[in-house]
Amino acid sequence: MGKRIGIEVSLAVSEAVKLANTDVIAAYPITPQTHIVEHLSELVADGSLDAAYIPVESEHSAMSSCIGSSAAGARTFTATSSQGLALMNEMIYIAPILRTPIVLAIANRALSAPINIWNDHSDIMSVRDAGWISLFAENGQEALDLTLLAFRIGEDPAVSLPVNVNLDGFTLSHFIEPIIIPDQQEVDKFLPPYKPSLQLDIKNPISIGLLGGPECYTESRKAADDILEASVPVIKKAFDEFDKVFGRKYQVVETYCIEDAETVIVLMGSIAETAMTTVDELRAEGKKVGLVRIRLWRPFPRTELLAALSKAKNVAVVDRHVVLGSDTSAVGMEIKSLLYGSQLNPKVTNYVLGLGGRDVTREEFRYIFDQAASGEAQVRCEIVGVYE
Amino acid sequence: MRAADVPFEKVTAKNFPKGPDSLAPGHRACQGCGEVLALRLLLKSLGTEFIAVSATGCMEVCTGPFPQSAWRMPWIHVAFENAAAVASGVEAATHVLRRKGRGYDQRIPVVAVAGDGGTADIGLQALSGALERYHENFVYVCLDNEAYMNTGIQRSSSTPFGANTTTSPVGSHSKGQYTWKKNMPAIAAAHGVPYVATANPAFHLDLMNKIRRAVAIKGPAYLHVYAPCPTGWRMKPELAIESGKLAVATRIFPLYEVIDGNYVINRKVDNPTPISEYFKIQGRFRHLKEDDISTITNRVNQDYERLVALSERFPV
């Protein structure tokens, strides 16, 4: 049944990697991800995880080594943040096309400049289009559970794609929370050993990473997109089976108080807890507000989001990232694009908050709920809480 | 065991590996390419029971246009600058899977192949990391054709002084490449790895034995291979082997090994051929005047003498 303990969320992610009996970890230190790989190196050093730990000289080499290791048939993990993810960028785009089911934990942190070690989502948004399955955790339990799920989903023969698990840097990664650490037998039941359908094998030699000219590049991108789409039922099935084994049920989209809600906030990550508290307060004041949290960011869960937003009159999308030079930010764009042409026609507004570790408070969510419900039209995405 | 004593089956004229080449014919290298010849000999020497990792470059492009591949062993190409890092991951995986009972019951060498740009410039960091981490079954081969030939003959840090390339052009204010060739074998040796060697397809048995020794020794190995490029060097395609012989005879590209930090010169050159003999078959040096050649000769001799001194002070 597992055991509930107080543990730092980063360490809980490492424990999930250990429970997954991961074969290879290639990692480079960067704040605020460091505790994850520090703890993993301890687990390898004290013999509780039989894995190769490659202390690479950069994040670029971390992801390069992961691609090599995964292609050679090993269950593979790494973690990074911010500039590290930016340095990996080139490799991030290659891993899905080579169908290497690497699991990457991202302790989300702002991108430079100015250099800033604190939390927002600009790092993950810089690799939005790369073809990874992308999951967002709200709390520590979820960070652990999604890490286990990431191996299960990514390694499914019908998927064979890398998966990133996003946990907010510091505000999630460095918090000590009560977290159920599952039993090894439970994990073994849920997560079978990795059996790649194709790998670097001297008995059956294949070539991975050939040159793709104009006659096949388009098809390779189309195939990647199709595989991502086809992963949706696999993800949902994995969530169902996770529930059966561990008794915790996840959805690709979580909703809170949306049944009769007129104004709904859509967001991702750990700020959902603050938003829920705000919803509770506003509900106590008689206001019809609700919350939609996206757990599965890529592939984008269109059907579930349309269902979740079907009754809302006002949809306020909260981003943790600014798409510079655009009227709309990343999640805002997706929601607007989703709603355009659907039967739904709510008023959609877009807000950015919590950049570079700026506190996200209930007052800000109150403001957003008010603004979204007001008759005021919004011309551009609003960055909330800017000091004058 | 000393790395110098690690046994391996020597390639000789009599027991030259038979059977099909490990690098299949039909690849798209230029006519007379000395690089693909070196690669073919290296792979032939190893057979097919190893995993190959390629950096982006001439050899990757000419051997692997989808859906064709000339590689008869498991092969992976990921990008330009990271062959050493990808090979690190492959090596770690084969190593750990073997330990955990899910891999092969033998050591699997992992051989990374890159050009001089992918090694001495953009790939230097990844290579340094891999050498320093001391991967047990890791061999890195730099096929050095002395410029970015795949993108059209741009200079690299491995381009020799005076060479005319498309980004070190000769002009009224330029004599071509104005920097001296980066000494990659010395950089590799400085990592304290058990085996570093230079090789040259004009000395094919030496080349084939060096890769065999490299995979036999436990620990990372670095091979720096002279790769004559008729297209980029403005040389007749039939002269690749000739240029290889001259590169050794002029001391421009000495053949040597660094085994556990000890030096052995495989071909001593006491009476070097004038460097002008090497230059005159290559259009890239055509503009050099006598005093330029004299400057280069002095430098080449100085470098060679240093090697001789090292081999006398630290013999294998």
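Helix α6 of chain A passes α8 of chain A in a right-handed crossing, in what is a predicted model throughout. Chain A is assigned a domain 1 covering residues 3–246 and a domain 2 covering residues 253–383, and chain A is also in contact with chain B, with 39 residues from chain A and 39 residues from chain B taking part. The points below take up the helix pairs, the domains, the contact between the chains, the sheet, and some local backbone features.

**Helix α6 against helix α8 in chain A**

- Helix α6(A), residues 140–155, packs on α8(A) at an angle of about 130 degrees, and the axes of α6(A) and α8(A) are 10 Å apart.
- This angle makes α6(A) oblique to α8(A), because an angle counts as roughly antiparallel over 145 degrees and as roughly perpendicular from 65 to 115 degrees.
- From α6(A), the contact draws on A:Asp145, A:Leu149, A:Arg152 and A:Ile153, while α8(A) contributes A:Ser231, A:Val234, A:Ile235, A:Ala238 and A:Phe242.
- Sorted by class, the residues of this contact between α6(A) and α8(A) are six nonpolar, one polar and two charged.

**Helix α1 against helix α2 in chain A**

- The axes of helix α1(A), residues 9–19, and helix α2(A), residues 34–45, come within 8 Å and cross at roughly 45 degrees, which means that α1(A) is oblique to α2(A).
- The crossing of α1(A) and α2(A) is right-handed.
- On the α1(A) side the contact is made by A:Ser10, A:Leu11, A:Val13, A:Ser14, A:Val17 and A:Lys18, and these meet A:His35, A:Ile36, A:His39, A:Leu40 and A:Leu43 of α2(A).
- The contact of α1(A) with α2(A) contains six nonpolar, four polar and one charged residues.

**Domain 1 and domain 2 of chain A**

- Taken over C-alpha atoms, the centres of domain 1 of chain A and domain 2 of chain A are separated by 27 Å.

**Contact between chain A and chain B**

- The contact takes 39 residues from chain B and 39 residues from chain A, and on the chain B side β1 (51–54), β2 (75–77), α3 (83–99) and α5 (124–133) each supply at least two residues.
- Helix α3(B) gives the most to the side of chain B that touches chain A, namely 12 residues.
- By class, the side of chain B that touches chain A has 23 nonpolar, 12 polar and four charged residues.
- Helix α3(B) also lies across β1, β2, β3 (110–115) and β4 (138–144) of chain B, and runs at about 175 degrees to β3(B).

**A sheet with strands from chain A and chain B**

- Nine strands form an open sheet with mixed pairing, in the order β9(A)-β2(B)-β1(B)-β3(B)-β4(B)-β8(B)-β7(B)-β9(B)-β10(B).
- The edges are taken by β9 of chain A and by β10 (262–265) of chain B, each of which has a single partner strand, so one side of each is left without a neighbour in the sheet.
- Strand β9(A), residues 207–208, pairs with β2(B) in the parallel sense over two bridges, and A:Ile208 has B:Ile76 of β2(B) as its bridge partner.
- Within chain B, strand β7 (residues 195–199) and strand β8 (residues 221–226) pair in the parallel sense over five bridges, with B:Val196 opposite B:Tyr222 of β8(B).

**Local backbone features**

- The peptide bond between A:Ala113 and A:Pro114 is cis, with omega about -5 degrees, and A:Pro114 lies in the loop between β5 (103–108) and α5 of chain A.
- A cis peptide bond also joins A:Arg298 to A:Pro299, with omega near -5 degrees, and A:Pro299 is placed in the loop between β13 (296–298) and α10 (302–308) of chain A.
- B:Tyr134 has a positive phi of about 65 degrees, although B:Tyr134 is not a glycine, and B:Tyr134 lies in the loop between α5 and β4 of chain B.

Methods
Residues are numbered from 1 along each chain as its sequence is written. Chains are lettered from A and ligands numbered from 1 in the order in which they are written. This is a predicted model: local features need pLDDT of at least 70, side-chain atom pairs count only at pLDDT 80 or more; totals for chains, interfaces and linings use all residues. Domain bounds come from an automatic or database domain assignment. Axes are lines fitted to C-alpha atoms, for helices over the stretch in contact, and angles run from 0 to 180 degrees between N-to-C directions. Helices (H or I, at least four residues) and strands (E, at least two) are DSSP runs, numbered from the N terminus. Angles under 35 degrees count as roughly parallel, over 145 as roughly antiparallel, 65 to 115 as roughly perpendicular and the rest as oblique. A crossing is left-handed if the near helix is turned anticlockwise from the far one by less than a right angle, and right-handed if clockwise. Two residues are in contact if their C-beta atoms, placed from the backbone, lie within 7 Å. Ala, Val, Leu, Ile, Met, Phe, Trp, Tyr, Cys and Pro count as nonpolar, Asp, Glu, Lys and Arg as charged, and the others, Gly among them, as polar. Two strands pair if DSSP finds at least two bridges between them.
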